[in-house]
Every structure is written in C-alpha cells, then in structure tokens.
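Dear colleague,

Please find below the structure that I am handing over to you. My notes on strand pairing and salt bridges follow it.

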Amino acid sequence: MDLTETVVPKSDQLNADDLMSGPRTVTVVEVRKGNAEQPVDIVTDEYGPRRPYKPSKSMRRVMIMAWGPKTDVYVGRRMTIYRDPEVKFGGEKVGGIKISHLSDLKDGKALTVALTVTRGKRAPFRVQPLAGAPAAPGLSDRIDKAINAFRDVGVTVEQLGERLGKPVGKWTEADVTSLLAYYQELQQPKQEAD
C-alpha cells in the first residue's frame with residue numbers, strides 16, 4: 001500500500017506538501033490567468049485543472065528566462081518540480097515549490113538566473129535541461145490516452161463527444177484538458193451525507 005494518496009492536501013492548487021515523496025516531471029497542458037495574489041495557473045498533465053501549479057514570482061522569472069514571456073509556447077513543454085523545505089514565508093520555513101529541470105532550454109544547456117533570496121540579496125539559481133525525457137505527447141496521442149482511460153471506466157467515445165458537443169476529430173487541447181478535469185471528477189470518492 002502506498003500512503004502518498006492518503007496525505008494529499010485538499011486544496012485548489014498544487015502545494016509543496018504534494019511533492020514530499022519526491023520531484024515530479026510534468027507536462028504543461030494549459031496556462032491561464034490567476035488572481036492578483038497568484039497571477040498564473042499552470043495546468044499540468046499530472047495534477048489537472050483542479051490543482052494547478054501556481055509558481056512563485058522567482059519561478060515565473062525562471063520560466064521567462066528559459067521559455068520567454070509568451071505563455072502560448074509553454075503548452076507541451078515539460079518541467080521537473082520539487083519541494084524546497086528552505087523556502088520561507090513571513091520569516092518561517094514553510095517549504096515551497098521550485099523548478100529543477102526544464103525542457104526546451106536554449107542549446108540544451110543549463111540556465112542560471114540571479115534570484116532575490118532576501119531583500120537586497122541575490123543568489124544564482126540553476127535549472128538543468130530535462131535530459132532523456134520523452135517528447136511531450138502530441139494532441140492525437142493525448143486524445144488516444146484520454147479515450148483509453150475513459151474506456152477503462154465505462155465511458156464511450158460517443159459519450160465524450162456528447163459531453164464536449166463535438167466529435168473526436170474536432171477536439172482541441174482545451175477539450176482534452178476539460179476531459180482530464182472530468183476524469184478526475186469521476187475518480188473522486190463519493191462524499192457520504194452526514
């Protein structure tokens with residue numbers, strides 16, 4: 001029995017505690033606008049739209065340096081995220097999520113960015129290229145994977161098409177992301193009435 005699933009925080013975002021079992025390599029499936037406090041939601045293949053990664057300002061700076069400021073190129077790219085127990089909030093070590101590896105780095109070389117660690121103090125932060133990672137799946141591969149996953153829980157392609165309002169041949173990245181959220185809803189245990 002793996003206890004990892006029994007300690008998953010109930011939250012609307014990915015938390016450092018979700019990575020206590022170790023780093024995870026994830027694929028970006030959508031980047032959307034967040035709120036004033038956390039302006040970016042990065043939806044990943046592993047955690048889905050209900051638990052987006054909301055990167056800190058420092059990690060957003062790293063992504064801009066690595067991938068550029070326009071998020072439309074982020075979809076399909078991959079990153080390895082990990083829990084850094086040294087991250088402080090209000091002077092207390094609370095832990096936070098950092099990026100250790102990124103796909104699509106220029107010339108496939110490591111990237112070093114000077115990041116603020118405390119007021120007035122900067123330190124180099126190094127991100128490694130994501131070596132040996134399989135290529136991110138294309139849309140048709142993701143559609144096939146989604147169809148097979150739903151087939152395993154008794155949902156047909158026709159039912160998925162009805163849910164999306166269009167046949168499989170017209171599905172987009174956004175449709176596959178929507179199906180991922182639906183699949184995760186189906187996997188949630190039913191809440192028992194008190």
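**Strand pairing and salt bridges**

Leu-102 stands opposite Pro-129 of strand β8. Please note that the model is a predicted one. Strand β6 (residues 96-102) pairs with β8 (residues 121-129) in the parallel sense, over 2 bridges. Strand β7 (residues 111-118), by contrast, runs antiparallel to β8 and is joined to it by 7 bridges. Within β8, Phe-125 is the bridge partner of Val-113. A hairpin is formed by β7 and β8, with 2 residues between them. In its turn, Gly-120 has a positive phi of about 80°.

The structure holds 10 salt bridges. One of them links Arg-83 with Asp-17, whose closest N and O atoms are 3.6 Å apart. Since Arg-83 belongs to strand β3 (residues 78-84) and Asp-17 to the segment before β1 (24-33), this pair ties together parts that are 66 residues apart in sequence. Arg-83 is partly exposed at 25% relative accessibility, and Asp-17 is also partly exposed, at 40%.

A salt bridge also connects the side chains of Asp-41 and Lys-54 (3.9 Å, N to O). Asp-41 lies in strand β2 (residues 40-44) and Lys-54 in the loop between β2 and α1 (57-67), so the pair ties together parts 13 residues apart in sequence. Asp-41 is buried, at 8% relative accessibility; Lys-54 is buried as well, at 16%. Both residues belong to a network of salt bridges that includes Glu-30 and Arg-32.

Finally, Glu-86 and Lys-93 meet through their side chains in a salt bridge of 2.7 Å, N to O. Here Glu-86 is partly exposed at 46%, whereas Lys-93 is exposed at 52%.

Yours sincerely

How values were computed: Residues numbered from 1 in each chain as written. Predicted model: local features only at pLDDT ≥ 70, side-chain atom pairs only at ≥ 80, totals over all residues. Heavy atoms only, no water. Pairing = 2+ DSSP bridges. Helix = DSSP H or I, 4+ residues; strand = E, 2+ residues; numbered from the N terminus. Salt bridge = Lys/Arg side-chain N within 4 Å of Asp/Glu carboxyl O. Buried < 20%, exposed > 50% of the residue type's maximum accessible area, 1.4 Å probe, protein only.
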